[in-house]
Amino acid sequence: MVLQIIDKDFTIFKTKELPAHLLQNEFTFVSKTDKELSVICESQNIPDEVLIPEEGWKCFRIAEDAPFEKYGMIAFLADIIAAQNTSTLVVATYDTDYFFIKKEKFGQVIQALKNNDCIFV
């Protein structure tokens, strides 16, 4: 599987309102439910008024075609990540999937993925 590291630091946080300027940044992921508004963005772009920030995340994405009909990609990667005794946060977009890993485990996870025939571009 072909993957790509996004060489940025990320923070996940809850907020009451989404500052419009966040959508101008290269990477901003927003999830809204009936109970919360959660955002993942580059750490350098965190707004001042956030609830419950969780800093220290790194990211990689699937860098090959990942059509909706192609299944098992997330499960394959999640199994490798889980074997490293860490968790992952997966965010799906229309085109691909993004995997967020805590910074202190990121290098170990990347090496494990390479050991399982994943290629980074």
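A salt bridge is a side-chain nitrogen of Lys or Arg within 4 Å of a carboxyl oxygen of Asp or Glu. The views below come from a predicted model, in which six salt bridges are counted by this rule.

**View 1. A network of salt bridges links D7, D9, K58 and K103.** Side chains of opposite charge can pair when their charged atoms come close. Two of the pairs that involve K58 are shown separately in the next two views.

**View 2. K58 and D7 are joined by a salt bridge, with a distance of 3.9 Å from N to O.** Because K58 belongs to strand β4 (residues 51–62) and D7 to strand β1 (residues 2–14), this pair ties together parts that are 51 residues apart in sequence. K58 is buried, with a relative accessible area of 13%, whereas D7 is exposed, its relative accessible area being 68%.

**View 3. K58 also meets D9 in a salt bridge, here at 3.1 Å from N to O.** D9 is in strand β1 and K58 in strand β4, so the contact ties together parts that lie 49 residues apart in sequence. With a relative accessibility of 33%, D9 counts as partly exposed.

**View 4. E42 and K8 form a salt bridge in which the closest N and O atoms are 3.8 Å apart.** Since E42 lies in strand β3 (residues 37–42) and K8 in strand β1, the pair ties together parts separated by 34 residues in sequence. E42 counts as buried at 6% relative accessibility, while K8 is partly exposed, with a relative accessible area of 25%.

How values were computed: Residues numbered from 1 in each chain as written. Predicted model: local features only at pLDDT ≥ 70, side-chain atom pairs only at ≥ 80, totals over all residues. Heavy atoms only, no water. Helix = DSSP H or I, 4+ residues; strand = E, 2+ residues; numbered from the N terminus. Buried < 20%, exposed > 50% of the residue type's maximum accessible area, 1.4 Å probe, protein only.
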